[in-house]
Amino acid sequence: MQRVIVLNVVGLSSQLLKHAPHLSALAKRGAMRPLITVTPALTCPVQATLLTGRLPQHHGCVANGWYSRELAEPLFWKQNNGLIEGDKVWHEAKARNPDFSCAQLFWWFNMYADVDWSVTPRPIYKADGCKVPDFYTQPDTLHSELLWQLGEFPLFQFWGPAAGLASSRWITDCALHLCDTRQPTLTLVYLPHLDYCLQKLGPSHPAIAREVAAVDALCGELIEYADNHGMHVIALSEYGITPVSGDIPINRALRQAGWLAVRDEQGEEKLDCGASAAFALADHQVAHVYIRHNALIDEVKALLQRLDGVDTVLDRAGQHSIGLDHPRAGELVAISQADRWFSYYYWLDDARAPDFARTVDIHRKPGYDPLELFIDPERVLPRLQIGWKLFKRQLGMRSLLDVIPLDPLLVKGSHGRPTDDIEQGPVLISSHADKLPAAPVKAESVRGIILNHIFDK
């Protein structure tokens, strides 16, 4: 067997590679291919496809979250690996050679994965409302070891307004430590840094070159380690991020049509999924629309097709054509135009927005919210306000960190639909050109490519 490290450099595209000298050098001595990603081009569906070699219609990860019809609740950013249906790459590798071992570092759906070592973010939610940075490991004894070696995982630099290089730095150090002390056959490493700045600034912003170089430097350390220890290297990305000019408030349209229901809770409006005839779970440039009665599907589809910024609306037949028809999917799936994205907002007056709308709260929002990367620009001395709120929390007082803006125009980059320009799309790089096909690589072929690198075929 051959030891292999896979670097998942989120958001990396062909057009950004010119700012990445280490990854460019890897491509030059090996090979690079465009990666034909899946729809939706989102973290959870793409990663599940890379690991299983199957499309969402088979592995069930139809977005970063979906609606549980049994619970009448949206389920976003859950972590149990069992949510991915089907065998993963490590199952096949273990079957070929019982001595195979795998470390999965910060890829999603990582908890309870039957790998040898896993590390993933897992904050501690206290009864007083505090969220304490932490991470989950398997085996659990690895937690104290990493805490001693690397310090606390910088959770608030992994997601939120302060998201930045520090989290990717910690993950890189974690990978180096495990490669050195455990020597896994396969090491899967997730480096999220570009995801943040590309969504905040857009891919054409002058600062992006510096940000690409920063994460490339981390890749350089991992590539150098791999070269020094005879490991093969694969670097890839899940999707490309393209410029956007505004949102599509799909749930407001459904509400105005009389199909989306809300509850009044102390002057705030909460989406009432179970009582709604139709509502959408927005996820970047894709929205799953859940419809209670099939007789309404055609009428809802007609409305969505008329919405400004919507490109395509897929019924079950349309979903089947792209491999997305799974029971977890909405009755309809809307895909935006390339320069737009779907917001989850369902209230018609910002004064009636729920309290979590202005906070970082990835689990209670009925959709993905890229505004969580920003601090409200209308706030005066926001850093001072945040510091004061955190200080009150340390004293045991409740304090709402309501500093997230509600202005969709702040968002400059998004993803979810495959890019129209292949240069803006994801890539696959290998240190060994003979391990890659001559043509662009489909995401569902990556599992086999990883196995070929391990077993040297």
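Guide: Start with a definition. Buried means under 20% relative accessible area, exposed means over 50%, and partly exposed lies in between (1.4 Å probe, protein chains only). Now the ground rules. This is a predicted model, where local features need pLDDT of at least 70, side-chain atom pairs count only at pLDDT 80 or more, and totals for chains, interfaces and linings use all residues. Residues are numbered from 1 along each chain as its sequence is written, and side-chain values use heavy atoms, with hydrogens and water left out.

Visitor: Why is Glu145 called partly exposed?

Guide: Glu145 has 25% relative accessibility, so it counts as partly exposed. Arg182 also falls in that class, with a relative accessible area of 26%.

Visitor: What makes Arg182 and Glu145 a salt bridge?

Guide: A salt bridge needs a side-chain nitrogen of Lys or Arg within 4 Å of a carboxyl oxygen of Asp or Glu. The closest N and O atoms of Arg182 and Glu145 are 2.6 Å apart, which meets the rule. The pair links distant parts of the chain, 37 residues apart. Arg182 sits in the loop between helix H6 (165-181) and strand E10 (186-191), and Glu145 in helix H5 (141-150). Those labels are DSSP runs, numbered from the N terminus: helices are H or I with at least four residues, strands are E with at least two. By the salt-bridge rule, the count comes to 22.

Visitor: What separates Asp173 and Arg169 in helix H6?

Guide: About one helical turn, because they are 4 residues apart in that helix. An α-helix has 3.6 residues a turn, so residues three or four places apart point the same way. The side chains of Asp173 and Arg169 meet in a salt bridge at 2.7 Å, N to O. Asp173 is partly exposed at 27%, and Arg169 is partly exposed at 27%.

Visitor: How do you know that Asp311 and Arg417 tie together parts that are apart in sequence?

Guide: First, their side chains meet in a salt bridge, 3.1 Å from N to O. Asp311 lies in strand E18 (310-314) and Arg417 in the loop between strand E21 (413-414) and strand E22 (427-430), so the pair ties together parts 106 residues apart in sequence. Asp311 is partly exposed at 44%. Arg417 has 14% relative accessibility, so it counts as buried.

Visitor: Which domains does the chain have?

Guide: The assignment gives domain 1 (4-241 + 420-455) and domain 2 (246-411). Such bounds come from an automatic or database domain assignment. The centres of the two domains, taken over C-alpha atoms, are 26 Å apart.

Visitor: How do you know that domain 1 and domain 2 are in contact?

Guide: Contact means heavy atoms within 4.5 Å. By that rule, 36 residues of domain 1 are in contact with 42 residues of domain 2. The area buried between them is about 3,400 Å², and carbon and sulfur atoms give 60% of this. Buried area is the accessible area (1.4 Å probe) that two parts lose on being put together, summed over both. There are 2 salt bridges between the domains. Arg328 and Glu85 form a salt bridge, their closest N and O atoms being 3.8 Å apart.

Visitor: Why is helix H13 called largely enclosed?

Guide: In helix H13 (446-455), 8 of the 10 residues are buried, so the rest of the structure largely encloses this helix. Among the buried ones are Val446, Arg447 and Phe455. Just after H13, Asp456 takes a positive phi of about 60°.

Visitor: Are Phe109 and Gln266 buried or exposed?

Guide: Phe109 has 3% relative accessibility, so it counts as buried. Gln266 has 84%, so it counts as exposed.

Visitor: Where are the cis peptide bonds?

Guide: One runs from Thr39 to Pro40, with omega near 5°. Another joins Gln138 and Pro139, with omega about 0°. Pro40 is in the loop between strand E2 (31-36) and helix H2 (43-52). Pro139 is in the loop between strand E9 (135-138) and H5.
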